[in-house]
Amino acid sequence: MQNIVINNDYKEKYGFHVDSNFTHKAQKGLNEDIIREISTNKNEPAWMLEYRLKAYEIFKKKKNPNWGGNLEGINYDEICYYLRPTDKELRTWEEVPAEIKDTFERLGVPQAEREFLAGVKAQFDSSVVYSSLLSELEEQGVIFLSTDEALQKYPHFFEEYFGKVIPAGDNKFSALNSSVWSGGSFVYIPKGVHVKRPLQAYFRINAVNMGQFERTLIIADEGSFCHYVEGCTAPVYSKDSLHSAVVEVIVRKGARFRYTTIQNWSNDVYNLVTKRARVEEDGVMEWVDGNLGSRLTMKYPSCYLVGERARGEVLSIAYAGEHQHQDAGAKMIHAASNTSSTIISKSISTNGGKSSYRGLVQVAPGAKNVKVRVECDALILDDKSISETFPTMKINDSSAQIEHEATVSKIGEEKLFYLMSRGLNEAEAMSLIVSGFIEPIVKELPLEYAVELNRLIELEMEGSVG
Amino acid sequence: MLEIKNLKVNIGDKEILKGLNLEIGQNQIHAIMGPNGSGKSTLAQTLMGHPGYEVTAGEVSFLNENILEMEPNERAAKGLFLSFQYPSEVEGVNIISYLRMIYNHSHNEKLSPIKFRELLKEKMTILDIKDEFLNRYLNDGFSGGEKKRMEMLQMLVLEPKLAILDETDSGLDVDALKVVSQAVNYLAEKNGMSAIVITHYTRILKYIKPEFVHILKDGKIIKQGGEALAHEVEVSGYAPYMN
């Protein structure tokens, strides 16, 4: 049987091209003046500027983490931290490479969204397309704005919650984000409100969600319910080599919030994200996280279960191809009694890619009857690829029930032969096995995302055998 | 339709098939019987193209074409089917969409999910398979008997020209045995399918009547005959054929 090579190199395959004169205009490197300029341009309250400047001091002092992936390729002085609106330069649809257009075609991405994804349009005007859905949300009192706009309109939410779940000093990248953040979403779901449709589905493609240092703040008030979906499965070309988002979620008493992300970055991107939820009494937080593409992703969605009976869940898929390292996992901090958590992590490594599961489960002393289940499964598609597992458990109360399972498997010759004997070619058989492997997580996705993710994995495998 | 001449097959350094000859005609049922370790499963796996079995000599032509260089899926496309002795469990793969996928491949069609379900219903009746069965993942956690039914369902979906049943009878109770046999007889009647029934025991041959019986021993066919040969084996076992 032939060797399988799954081409996941976006540079080659999708061939996006960086405008050479683009980077000349934007200023490289970071200093106080840039931070002041960001804050002034956004007309922010004085406390936010102060917050940014303090965060910048922390950023300068903190070292890169010495664990996780290799961060040596990041040159902080070569990065543009802020683009003035006038700097934005767009390419024309004709300049978009044929492979990219073909990928959009095969994924069935609508034309308006294609133009945005390919950088032809700066903004996907969702308000026109989805206006009736927006008014439905408005009637329920749901606030859903870009974080910049929300800070102007609802400063009290920010004074109360911003930077409280993830302080600037949490890690080097949260400090960086806190000093230069721009864009991201703000969501407020009022008490008892159930949002029927997944929130982001209306705004599937939205400029504010594609920023380099986006900042998202979500408050799910008592007894509310919402499913928020971020990102999309089509490959996103980014001219920025460093993406460092911060997502803070507050799940109030009895609320239930699900945050779904599917990211598929181009191959040169460092994607270093801090995501954390504080979950109060009887609240439920679910992170569903899919990571494809990028050079290095470091992302460990967390739940701080601070109220009794609070529950946290992380379902994650990582797909590491050539020259890629997916260092992903989860953190569950059980700070109250009768809290429970589940972590299910599935990773696929192929064509020399590396995927690592890195997890922390911590049970505070005195937190009684905590239940934890951790399951991490790795699938390795060839001999060149690597999978690692770093589970950490700090259990400080003997009443806790902990289950941990980890499996590593290779795609077996027998399984491939079995499926091929039924008429599937090698790539089809392979992608069927892979989509079966991630099915437990894919079935949790909204239908269109599930379909797209499966199709994307098929595309990755197709035509790259032998 | 199938001609095997002087077939020699190695697993690693060990020669398992040592010059096997066999001819199968259109719409014929053949039984290949033999003691454990005689090379029965090796023959089945080699015919389907398992990469772990190395053909060192001989020829295999199927419908007048040499198939030894073909990938398993190309052999399937020509109308060859193998019912596995130990079918693989493929977690997370939904049975209906899988079956529709292999149907569309083999029939060069694009049946809609609804149309395909109708078509499947009839086939499920033959095998006495309940609807709930379809909500599971492919062979995932199936009992031995369930796996064999699933093999037969796939055979009915693919409608091959020649089916090789590798100990499909092992571990089945009488009811399951009847059901499995019905599937083979159905395609033999409807499409003129040929079959090679590989078995250790004569039990299944009460339900699938072979016209030709071959005794395989130590990598070679050592005796051929009609249905009566199977009865001989039933009465005397393989002992008379052992040295």
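**Close-up views of a predicted two-chain model**

**View 1. Strand β13 of chain A is covered on both faces.** On one side A:His325, A:Asp327, A:Gly329, A:Lys331 and A:Ile333 are buried, and on the other so are A:Gln326, A:Ala328, A:Ala330, A:Met332 and A:His334. Helices (H or I, at least four residues) and strands (E, at least two) are DSSP runs numbered from the N terminus.

A note before going on: this is a predicted model, in which local features need pLDDT of at least 70, side-chain atom pairs count only at pLDDT 80 or more, and totals for chains, interfaces and linings use all residues. Residues are numbered from 1 along each chain as its sequence is written, while chains are lettered from A and ligands numbered from 1 in the order in which they are written.

**View 2. β13(A) pairs in the parallel sense with β15(A).** A:Gly329 stands opposite A:Arg358 in β15(A).

**View 3. β10 and β11 of chain A also pair with β13(A).** β10 (residues 296-299) is parallel to β13(A) over 4 bridges, with A:Leu296 opposite A:His325. β11 (residues 302-305) is likewise parallel over 4 bridges, and A:Tyr304 has A:Ile333 as its bridge partner.

**View 4. Helix α5 of chain B is largely enclosed by the rest of the structure, because 12 of its 15 residues are buried.** Among the buried residues are B:Lys147, B:Met150 and B:Leu158. They pack against β6 (80-83), α3 (95-107), α4 (113-127), β7 (162-166) and α6 (174-191) of chain B. B:Glu159 follows the helix, with a positive phi near 45 degrees.

**View 5. Chain B meets chain A through 23 residues of chain B and 20 residues of chain A.** Residues are in contact if their C-beta atoms, placed from the backbone, lie within 7 Å. On the chain B side, α2 (72-77), α3 and α5 each give two or more residues, and α2(B) gives the most, with 4 residues.

Definitions and conventions:
A residue is buried if 20 or more other C-beta atoms lie within 10 Å of its own, exposed if 12 or fewer, and partly exposed in between; C-beta atoms are placed from the backbone. Two residues are in contact if their C-beta atoms, placed from the backbone, lie within 7 Å. Two strands pair if DSSP finds at least two bridges between them.
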